[in-house]
Amino acid sequence: MPLPLYLLAVAVFAMGTSEFMLAGLLPDIASDLDVSVGTTGVLTSAFAIGMTVGAPLVAALARNWPRRLSLLGFILAFAAAHAVGALTTSFPLLLATRIVAALANAGFLAVALTAAATLVSPGKKGRALAVLLSGTTAATIAGVPGGSVLGTLLGWRATFWAVAALCLPAALGILKGIPAGGVKEKTTGGRALRAELAQLARPRLILVMLLGALVNAATFASFTFLAPVVTGTAGLSELWVSVALVLFGMGSSVGVTVAGRLSDQSPGPVIAVGGPLLLIGWPTLAVLADEPVALLALVFVQGALSFALGSTLITRVLYEAAGAPAMAGSYATAALNVGAAGGPLIAATTLNTGAGNLGPLWSSGLLIALALLIAFPFRTVFTDGSSTEVLQ
């Protein structure tokens, strides 16, 4: 894999740390800003909504910009948003900074996903995506737990400052490692924006985007509210939240690595095996959440299965959107973040029901069940790595 791909992964690490870190900071933010934990969950959804809307919008605006300039501008804007967030005492302003950061993240990830696909040969998109997503899994392994510990010791604002600081070496890496020119010709191939947007009418593309969104919704529904499960249901101390996040991150790393080697040519087995196991896993985690050992083990397993299945589906988005070379990354980003926005919103509605802290886990199981019900009639779409027109 080319060096620029790993430099992009470093930037994704900084941004992934921010996107996921609230899972361990929500109670602290809620207490400091005098709002409920359920309300602070809106910060995660707002970030995801900003990325969902921002990905295609910003990608369309930036499709003819020099790639290095685009990536550098996005990550510096992301850093600035976190600096403002660290200083504010207003929840609405903090919410606004999350939206700004999301737009910057959306633009960066949309360009980076497209870049990753063009930096390798056509049959290695899955492996390239795995390298790029290794920044996200590294964030869940090291960045998010580290941020949780930092937040526990020094307050949540220290974590925001740390993310802003992480962006600076990533920006330097982009400046040094990404070529300054020659990007527009490679990525757009002269295709008009209207022609690229027309790809969204393809049933196969709609299907894989929908499934990717549902799987990611299930992941974020539980991941966002993992801290109350660890400290409330399992009765562990706050530092164990970091342990749980590390285990989830380690599992996600395993899942992405395995899926990266299979998703190009053999996506079917990943989905056929991973989907049912993921469906069984969320309710099992809900039932055994009061047993700390079982809870921590299942967090690892669910992290692996969620990211294996999710990254495979997002790889399929890149393949199915091959006719939109400049916008494909934004479609993948939008699919990811429709789920990341909807999952916490759905989960938040369950917190005040009889299910309590376990409500998000049950909702994750229902979301995976829905995904499998939708996927089953069209399972032949995933039997190989090609994009034959099964649904057209």
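Helix α3, which spans residues 37–62, gives the most to a nonpolar patch on this protein, with 3 residues. Welcome to the structure, which is a predicted model. The protein has 16 helices and 0 strands, and buried residues make up 58% of its 392 residues.

**The nonpolar patch**
- The relative accessible area of V42 is 33%, so V42 counts as partly exposed, a class that lies between the 20% and 50% cut-offs.

**A buried threonine**
- T312 sits in helix α14, which covers residues 292–320.
- T312 counts as buried because its relative accessibility is 0%, and the cut-off for buried is under 20%.
- The side chain of T312 reaches the backbone oxygen of A308, at 2.7 Å.

**The protein as a whole**
- The accessible surface of the protein comes to about 14,400 Å², and carbon and sulfur atoms account for 72% of that surface.
- Among contacts with a separation of 6 or more, 85% are between residues 24 or more positions apart.

Conventions
Residues numbered from 1 in each chain as written. Predicted model: local features only at pLDDT ≥ 70, side-chain atom pairs only at ≥ 80, totals over all residues. Heavy atoms only, no water. Helix = DSSP H or I, 4+ residues; strand = E, 2+ residues; numbered from the N terminus. Buried < 20%, exposed > 50% of the residue type's maximum accessible area, 1.4 Å probe, protein only. Polar contact = N/O pair within 3.5 Å; in protein donor to acceptor, adjacent residues only side chain to side chain. Contact = heavy atoms within 4.5 Å. Areas by Shrake-Rupley, 256 points an atom, 1.4 Å probe, with all protein chains shown as cover.
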